[in-house]
Amino acid sequence: MIKELTPGQVKHIAQLAKLNFSEKELKKFQEQLAKIFDYIDLIGEIEIEKVPETFHPTGSKNVFREDIVDDSTVLAQEKVLENAPETYKGYFKTKAIFQ
Amino acid sequence: MELTNLTLKETLEGLREKKFSCFELTKTYLERIKKFDSKINSFITLREEEALAEAKKSGLELEKAEEKPLLGIPIALKDNWVTENIRTTAGSKVLDNYLPQYNATAFARLKKAGAILLGKLNLDAWGHGSSGEHSDYGNTLNPWDFSRVPGGSSSGPGAAVAADFCLVGTGTDTGGSIRQPAANCNVVGLKPTYGRVSRHGIIAMGSSFDAIGHLTKTVWDNAKVLEITAGFDPLDATSSKEKVPQYTELLDAKVQGIKIGIPKEYFTNDVEENVKKLCWQALKIMEKLGCQLKEISLPRTKYAYPIYAVLQTSEVSSNLARYDGIRYGFAREKFADEAKRRIMIGTHSLSAGYAEKYYHQALKGRTLLIQDFQKAYQEVDAVACPVWPFPPFKFEERSIDPLQMYLSDVFTVTANLTGNPALAVPVGFAPEQLPVGMQLIGPNFQESLLFRLGFAYEQETQWYKIKPKL
């Protein structure tokens, strides 16, 4: 069992992920995550010296297109706002992040 | 002749020969759904009136059948395919009230081809699951045995196609989510090559893994649908410009001399007896048909799942960050446990102090697995192995311990890590009539090879003719 993943760490992960948990839930996730990472630690065995990272499985890279707008693929502003619980003069309304 | 028993191919022939009308076809499928789906729970949203109206209209367009290869054909979409003005939930209460303003490209293509959308199908929320036990809209039951899981995350599509509720159930496969329900439900499921089918409008799970495919009753049916959905989409920069063949026309070619690799790591003592036996029987039939079987080794197999677990959850944590209830949907409190768990695993794997050990290590491991398969393809044309290590299990048998559930995916995740296409075909039944499926994995963009192999085998065995008693 890994010694890591303290309740403090799990709280930190929850904060990064913007998820809220009760104390009971935090404990449950701590146990589950500890067990899962204990298993995942297996990847530490793999010899990866000088091995490049794979970001795209079929090797595609830097796909560009011409900077031309195709109107048929653009949604009108009113459409985009349709599902928002709160809007203000054509803007999405969000919680304030500055005091 | 039960109309809903017919395959897509037989249905197209029947429509062409005017044996039945488009309207009658859609009506019969809807009646069947209304009669049996309350038990199975494969649909989240059913659009009865709209489908009937569209079917009626299609009947008047039969002379356009040339341009519309799926005219009048009843289909249903996994509910993570976005549909304009039709509720799309991704199986989660976070999107309980979400009405998309656009269509997924793959659906737009099927619609343009004349298909009739019956409704949206149940799934493990966000694609997070292998059994169908993690939907916020209740479990979907396996039509072959209501006490057992249909497989997931395309649980609704697997059950719906098996129960003859539609001719095509579309899906997504990020770690096995099309192949696993296909195998558990005695239907054909294709995970195409990464980039073969556009991901535009598909609610993202793991952006470097998501493959957009479908489940059908037979291999020909499956090939037909891919002809329509495959191909470059300017709205998906990861989609491929590789040419799209007429897959159905390549089916009858002989399989003589095709080399099938059998990786010994996928046939160990950990694999249930009946699964091994049925897969071997299938491989022997393929040998009889002219294929050459060759034992191969994929030595890094045991690292595939943990590599996948890190990378998939990392991508999930990023993709699910957008759900904040500001532009659409509800707030993050509505995420169920499985989503929260995966977000947490991913967030930890990416976080400062851990990213090197987990995320970057896994990215390198992925490169090695891709190389292992590329080496294998120098010796063989395709790789064959079971989809699951065991036959369909009972509800709650594996869900109580998350790690147990994750390990059901050990054989399916490699195709998502490598991007390779994989076709799941029925290979018979374990005791108590429980379906078992085998997968054929091939080099990128070799779906036609997999279809050819699957088709040849299917002609000999015709498992699709056996139907569950609902």
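The following dialogue goes through the interface and several single residues of a predicted model.

Biologist: How do you know how many residues of chain A and chain B are in contact?

Modeller: Contact means heavy atoms within 4.5 Å, and by that rule 50 residues of chain A are in contact with 58 residues of chain B.

Biologist: What area is buried between chain A and chain B?

Modeller: The size of an interface is often given as the accessible area lost when the parts come together. Buried area is the accessible area (1.4 Å probe) that two parts lose on being put together, summed over both; for chain A and chain B this is about 4,900 Å², of which carbon and sulfur atoms give 66%.

Biologist: Why is the pair A:Asp41 and B:Lys357 called a salt bridge?

Modeller: The term requires a side-chain nitrogen of Lys or Arg within 4 Å of a carboxyl oxygen of Asp or Glu. The closest N and O atoms of A:Asp41 and B:Lys357 are 3.7 Å apart, so the pair is called a salt bridge. Across the interface of chain A and chain B the rule finds five salt bridges.

Biologist: Which elements of chain A give two or more residues to the side that touches chain B?

Modeller: With helices (H or I, at least four residues) and strands (E, at least two) taken as DSSP runs and numbered from the N terminus, these elements are helix H1 (7-16), helix H2 (23-40) and helix H3 (77-81) of chain A. The largest share, ten residues, comes from H2(A).

Biologist: Why is B:Arg47 called buried, and with which side chain does B:Arg47 make a polar contact?

Modeller: Buried means under 20% relative accessible area, exposed over 50%, and partly exposed in between (1.4 Å probe, protein chains only). B:Arg47 has a relative accessible area of 11%, and is therefore called buried. A polar contact is a pair of N or O atoms within 3.5 Å; within protein, one must be able to donate a hydrogen and the other to accept it, and residues adjacent in sequence count only if both atoms are side-chain atoms. The side chain of B:Arg47 makes such a contact with the side chain of B:Glu54, at 2.8 Å. B:Arg47 is found in the loop between strand E1 (43-46) and helix H3 (48-59) of chain B.

Biologist: What makes B:Lys276 buried or exposed?

Modeller: B:Lys276, in helix H8 (residues 273-288) of chain B, has a relative accessible area of 11%, so it counts as buried. Its C-alpha atom is separated by 7.4 Å from that of B:Pro386, 110 residues apart along the chain.

How values were computed
Residues numbered from 1 in each chain as written. Chains lettered and ligands numbered in written order. Predicted model: local features only at pLDDT ≥ 70, side-chain atom pairs only at ≥ 80, totals over all residues. Heavy atoms only, no water.
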